[in-house]
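Dear colleague,

Please find the structure below for your review. A short account of the findings follows it.

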Amino acid sequence: MQEGESFAELALPLFDSLYNFACWLAQDRVEAEDLVQETYAKALGGFRSFEPGTNFRAWIFRILRNTFLNSRTGLAATRTVALEEDEGNEAAFARVTEETPESILLKQMNQGAVRDAIEKLPIPFREVLLLADMEEMAYREIAETLGIPAGTVMSRLARARKLLRENLREKVVRT
């Protein structure tokens with residue numbers, strides 16, 4: 001961070017990444033929107049306490065994570081199951097491409113299987129996996145974001161990937 005950078009200059013480029021992470025954590029788009037909005041409000045309110053020269057990205061992701069954990073959908077909440085699929089799901093509509101209907105269906109099935117397998121992961125493993133593989137954070141940055149040692153990050157990531165493989169194997173065997 002350069003001296004004098006404003007909150008907007010630092011925070012706005014991270015919006016998509018924060019929203020994506022919030023969607024994975026909350027597993028609900030409306031809840032994710034609320035989490036991101038609350039995160040930005042808290043971060044803006046606490047921006048004076050942010051130390052220039054430290055990792056702003058880790059700082060704001062930590063605020064998002066803590067906001068999620070303290071929310072009604074966080075660790076202590078029970079998970080509800082939707083009664084109907086989201087009919088407005090944009091992923092359900094395929095663009096005109098050179099792909100065949102069969103290849104499109106297989107691709108969607110694979111994406112759904114991976115999404116389901118990730119959603120099955122316990123939150124501590126899911127968040128490390130998402131920050132490492134989707135947000136491409138370094139171990140040190142993940143450790144700073146989650147407030148855990150880098151060794152714990154590596155351990156959780158290895159266990160998360162192992163569980164993910166097992167969940168996917170289980171899915172393939174059943175189909």
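The notes below concern aromatic ring pairs and a charged surface patch. Please bear in mind that this is a predicted model.

Aromatic pairs

A search of the entire structure returns 11 aromatic pairs. One of them joins Phe-7 and Tyr-40 in an edge-to-face arrangement, with 6.2 Å from centre to centre and 85° between the planes. Phe-7 belongs to helix α1 (residues 7-11) and Tyr-40 to helix α3 (residues 29-45), so this pair ties together parts that are 33 residues apart in sequence. Phe-7 has a relative accessibility of 13% and therefore counts as buried. Tyr-40, with a relative accessible area of 13%, is buried as well.

Another pair is formed by Phe-21 and Phe-61, which is tilted because the ring centres are 5.6 Å apart and the planes stand at 50°. This pair links distant parts of the chain, 40 residues apart: Phe-21 sits in helix α2 (residues 15-26) and Phe-61 in helix α4 (residues 56-69). Phe-21 and Phe-61 are both buried.

Ring pairs also connect a cluster consisting of Phe-7, Phe-15, Tyr-19, Tyr-40, Phe-47, Phe-50, Phe-56 and Trp-59.

Surface charge

On the surface, a patch of positive charge is made up of Arg-159, Lys-162, Arg-165 and Arg-169. Of these residues, Arg-169 is located in helix α8 (residues 150-174). Is Arg-169 buried or exposed? Arg-169 counts as exposed because its relative accessibility is 52%, and the cut-off for exposed is over 50%.

With kind regards

Terms used
Residues are numbered from 1 along each chain as its sequence is written. This is a predicted model: local features need pLDDT of at least 70, side-chain atom pairs count only at pLDDT 80 or more; totals for chains, interfaces and linings use all residues. Side-chain values use heavy atoms; hydrogens and water are left out. Patches are made of residues with over 30% relative accessible area and no salt bridge: like charges are joined within 9 Å, nonpolar side chains (Val, Leu, Ile, Met, Phe, Trp, Tyr) within 5 Å. Accessible areas come from the Shrake-Rupley method with a 1.4 Å probe; for residues, only the protein chains shown count as cover. A salt bridge is a side-chain nitrogen of Lys or Arg within 4 Å of a carboxyl oxygen of Asp or Glu. Lys and Arg count as positive and Asp and Glu as negative; His and the chain ends are not counted. The place of a charge is taken as NZ of Lys, CZ of Arg, CG of Asp or CD of Glu. Helices (H or I, at least four residues) and strands (E, at least two) are DSSP runs, numbered from the N terminus. Buried means under 20% relative accessible area, exposed over 50%, partly exposed in between (1.4 Å probe, protein chains only). Rings of Phe, Tyr and Trp (its six-membered ring) pair if their centres lie within 6.5 Å; planes under 30 degrees apart count as stacked, over 60 as edge-to-face and the rest as tilted.
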